[in-house]
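Some comments on the model follow, for use alongside the coordinates. They go from overall confidence to individual residues.

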Amino acid sequence: MLVSARHQAQTWKAARRRRTVTADVVNRLARPTDADIAAVDAWWRANNYLTVGQIYLMANPLLREPLAGEHIKPRLLGHWGTSPGLALVYAHASRLIRHTGAQMIYLAGPGHGGPTLVAAGYLEGAYTEIYPNITLDEVGLLRLFRQFSAPGGIPSHASVPTPGSIHEGGELGYVLLHAFGAVMDNPDFIALAVVGDGEAETGPLAGSWNGISFLNPVRDGAVLPVLHLNGAKIAGPTLLARKDRDEVRSLLTGHGYEVIEVDGDDLPGMHYRFADALTRAWASIKAIQAARTTAGGAGLVTGRLGRAGMRALPKAADQGRQAARRNGVVPTVGARAKGSCLRR
Ligand SMILES: Cc1ncc(C[n+]2csc(CCOP(=O)(O)OP(=O)(O)O)c2C)c(N)n1
Ligand SMILES: [Mg+2]
């Protein structure tokens, strides 16, 4: 789990400058230009390359020669799985933060997506700043690849040496607990929490969807869960991906979330759809926070269902409509009030 410290500092500075949500910002975010998406896609592909390199390569880091057996690590530790999804969400969250100055933390439930987060730090320059020997050139790149999950190097999971990390990855199941904890008494804060569909099968995660019921819209920030339904937990199938789409939607709706889905495996189409979904979720949260009358918690879920590829189910919190009425304020986005949750 991590957030880039540098990113966060910039974010908070920007947030002080821009607190309002205008239709113009929403439109720009939801309908990116081709150049915008090309930049996000380039960052995403670079991150994916760095992740693959960390998992597999011990030589020939820029593939200047044809790939050969001796370039591949003899003992692989770590798995690709969730990594491209984590990177996609990270790239789009960064774009959102840059455009809006949102105060947001990115929490990665699948800690085994560690190489993605190391790659993000490397691309942002934070990695080299902290570890000057991991230079932004071919030599540094090779060191970055060789240190991953190696004796004397770094762990395969998001961990203490990862720039911006605030909690060790490894045991699945706690990302939503951290997210809810992060926003309590932190009213302008958004915790974006990526939940792996395998991780979602753990008891703690399955139970902590309920955290939404503890959020107080006046005092707390918002949680934006992103369920990454890639259909697999390592090499096995996942329960949520086996379920009918309506069933998954009902499950999350029943917990109190408004679900937004992003589905597909086409590029750049996925980028456009994800940008739109993330914007909708963010705008809902901001409307809730602006009204300060509803319970926080909006959700966005991305994933892959069978051959259909990426699927995202974003949801926006809908609690507090009754509270709004009680307070004589009508929120732009409200949510089902669950009484007690509003009286923490
Ligand atoms: C509590 C717990 N149980 C088991 C594991 C071992 N494990 C590591 S990754 C993983 C699969 C997680 O599935 P998902 O979150 O969907 O990630 P993906 O396979 O898609 O990368 C498992 C079971 C773990 N890390 N923690
Ligand atoms: Mg999975």
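1. Confidence. This is a predicted model. The chain has a mean pLDDT of 84, with 79% of its residues at 70 or more. Two stretches stay under 50: residues 1–5, with 30 contacts beyond four places in sequence, and residues 302–344, with 161 such contacts. Where pLDDT is low, predicted coordinates should not be read in detail.

2. Overall make-up. The chain contains 13 helices and eight strands. Of its 344 residues, 51% count as buried. Taking contacts between residues at least 6 apart in sequence, 75% are between residues at least 24 apart.

3. Nonpolar core. The largest nonpolar core holds 78 residues, and those touching the most other members are Leu107, Ala179, Ala191, Leu192, Ala193 and Val223. Helix α12 (residues 269–291) contributes the most to this core, with 10 residues. In soluble globular proteins, nonpolar side chains tend to be buried together.

4. Alanine 193. Leaving aside residues up to four places away in sequence, alanine 193 touches Leu107, Gly109, Val175, Leu176, Ala179, Val223, Pro225 and Val226. Of these partners, Leu107, Ala179 and Val223 are also on the list of core residues that touch the most other members.

5. Ligand 1. The shell around ligand 1 has 18 residues, and the closest are Gly81, Thr82, Gly196, Gly198 and Lys233. By class, the shell divides into four nonpolar, 10 polar and four charged residues.

6. Helix α5. Is α5 (residues 114–124) enclosed or open? It is largely enclosed by the rest of the structure, because nine of its 11 residues are buried. The buried residues are Gly114, Pro115, Thr116, Leu117, Val118, Ala119, Ala120, Gly121 and Tyr122. Their cover includes α3 (34–56), α4 (83–100), β1 (104–108), α6 (126–130) and α7 (138–147). After α5 comes glycine 125, with a positive phi near 95°.

7. Helix α7. The buried residues here are Leu141, Leu144 and Phe145. Viewed down the axis of α7, the buried residues fall within an arc of 95°, so they line one face of the helix. They pack against α3 and α5.

8. Asparagine 60 sits in the loop between α3 and α4 and counts as partly exposed, with 18 C-beta neighbours inside 10 Å.

9. Cis peptide. Leucine 267 and proline 268 are joined by a cis peptide bond, with omega about 5°. Proline 268 belongs to the loop between β6 (261–264) and α12.

10. Leucine 251. This residue is in helix α11 (residues 245–255). Leucine 251 counts as partly exposed, with 16 C-beta neighbours inside 10 Å. The C-alpha atoms of leucine 251 and leucine 240 are separated by 9.8 Å, the two residues being 11 apart along the chain.

Terms used. Residues are numbered from 1 along each chain as its sequence is written. Chains are lettered from A and ligands numbered from 1 in the order in which they are written. This is a predicted model: local features need pLDDT of at least 70, side-chain atom pairs count only at pLDDT 80 or more; totals for chains, interfaces and linings use all residues. A nonpolar core is a set of buried Ala, Val, Leu, Ile, Met, Phe, Trp, Tyr and Cys residues joined through C-beta atoms within 7 Å. A residue is buried if 20 or more other C-beta atoms lie within 10 Å of its own, exposed if 12 or fewer, and partly exposed in between; C-beta atoms are placed from the backbone. Helices (H or I, at least four residues) and strands (E, at least two) are DSSP runs, numbered from the N terminus. Two residues are in contact if their C-beta atoms, placed from the backbone, lie within 7 Å. A residue is near a molecule or strand if its C-beta atom, placed from the backbone, lies within 6 Å of it. Ala, Val, Leu, Ile, Met, Phe, Trp, Tyr, Cys and Pro count as nonpolar, Asp, Glu, Lys and Arg as charged, and the others, Gly among them, as polar. pLDDT is the predictor's confidence in each residue, from 0 to 100. The arc is that of the directions from the helix axis to the C-beta atoms.
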